[in-house]
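Please go through the model below with this briefing at hand.

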Amino acid sequence: MCPRALSVRVLRLGAVPYAEALRVQERCVAALRAARRGPGQPVPVPVAAESVVLSEPLQPVYTWGLRGAPGAAAAAALRARGAALVAARRGGHITFHGPGQLLAFPVLDLRRRRLPLRAYVAGLEALVLRLCRRLGLGAARALPPPYTGVWMGDSKLCAIGVHCGNHITSHGLALNCCTDLSWFEHIVPCGLEGKGVTSLSRELGQHVAVSQVLQPFLDSFQEVFECTLVSSEDPGD
């Protein structure tokens, strides 16, 4: 996928507020932009300038992208249930993030990787499919456009919503591990009428914590995006 194997920093935030994950992501984006010489110039991205930010939302939050913002009454009803509401700079309609969910925000340079945006989204789907196979979910699948994400039958297991500015990616995917799926009942997830939502725990018939899928997720990430992963604590280091 890329001209040579690259290093990608892994920032494991653990259970943090969604807003904190966004802040760390933006610092990673700024660091990657700073690593460039300038528009139209060769890109001397240093070792481990790219990143992937991993977190588990600490509290329930509904987010939406370029479309699908809830109306005033719907927003008030969601807040009354104890959830925060956040507009995010990504593609896609409203969805839910909360405890028991793995959020992965890759910050990659698609220009250096010579990777079109659609191929990048397909790469995210491919890495989750590899993860599912590692866990014994061979029936997981990706659907053809305009659908995105990873599905078990008609239920979405992993949602994908990305942003790409100046060839640098942000946001990414949300994988339901042991998520309380009842939170999705109050919205039309991703704007898809008639589709359901599922989790690894539901499909495997046992509790699957976010911590249990981190390593197989990273193994799959490394394989799909042909990189070496480097642990990091500071997005600006």
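Two strands count as paired if DSSP finds at least two bridges between them. Helices (H or I, at least four residues) and strands (E, at least two) are DSSP runs, numbered from the N terminus. The model is predicted, so local features need pLDDT of at least 70 and side-chain atom pairs count only at pLDDT 80 or more, while totals for chains, interfaces and linings use all residues. Residues are numbered from 1 along each chain as its sequence is written, and side-chain values use heavy atoms, with hydrogens and water left out.

- Strand E3 (residues 61–64) runs parallel to E4, and 4 bridges join them.
- Tyr62 has Leu85 as its bridge partner in E4.
- The open sheet has 3 strands in the order E4-E3-E5, with mixed pairing.
- Strands E4 (84–87) and E5 (95–97) are at the edges; each has a single partner strand, so one side of each lacks a neighbour in the sheet.

**Strand E9 and its partners**

- E9 pairs with E8 in the antiparallel sense over 8 bridges, and Gly161 has Gly172 as its bridge partner in E9.
- The hairpin of E8 and E9 has 2 residues between the strands, and Asn166 takes a positive phi near 55° there.
- E6 and E9 are also antiparallel, with 4 bridges; the partner of Ala104 in E9 is Leu173.
- Because 9 of the 9 residues of E9 are buried, E9 is largely enclosed by the rest of the structure. Buried means under 20% relative accessible area, exposed over 50%, and partly exposed in between (1.4 Å probe, protein chains only).

**Nonpolar cores**

- A nonpolar core is a set of buried Ala, Val, Leu, Ile, Met, Phe, Trp, Tyr and Cys residues joined through side-chain atoms within 4.5 Å.
- The largest nonpolar core has 39 residues, and Leu54, Leu102 and Phe217 are among those with the most contacts inside it.
- Helix H4 (117–135) is one of the elements that supply at least two residues of this core, and H4 gives the most, with 8 residues.
- Leaving aside neighbours within four places in sequence, Leu54 is in contact (heavy atoms within 4.5 Å) with residues including Val10, Leu102 and Phe217.

**Cysteines**

- A disulfide is a pair of cysteine sulfur atoms within 2.5 Å, and the count by this rule is 0 disulfides.
- Cys158 is buried, at a relative accessible area of 0%.
- Cys227 also counts as buried, at 6% relative accessibility.
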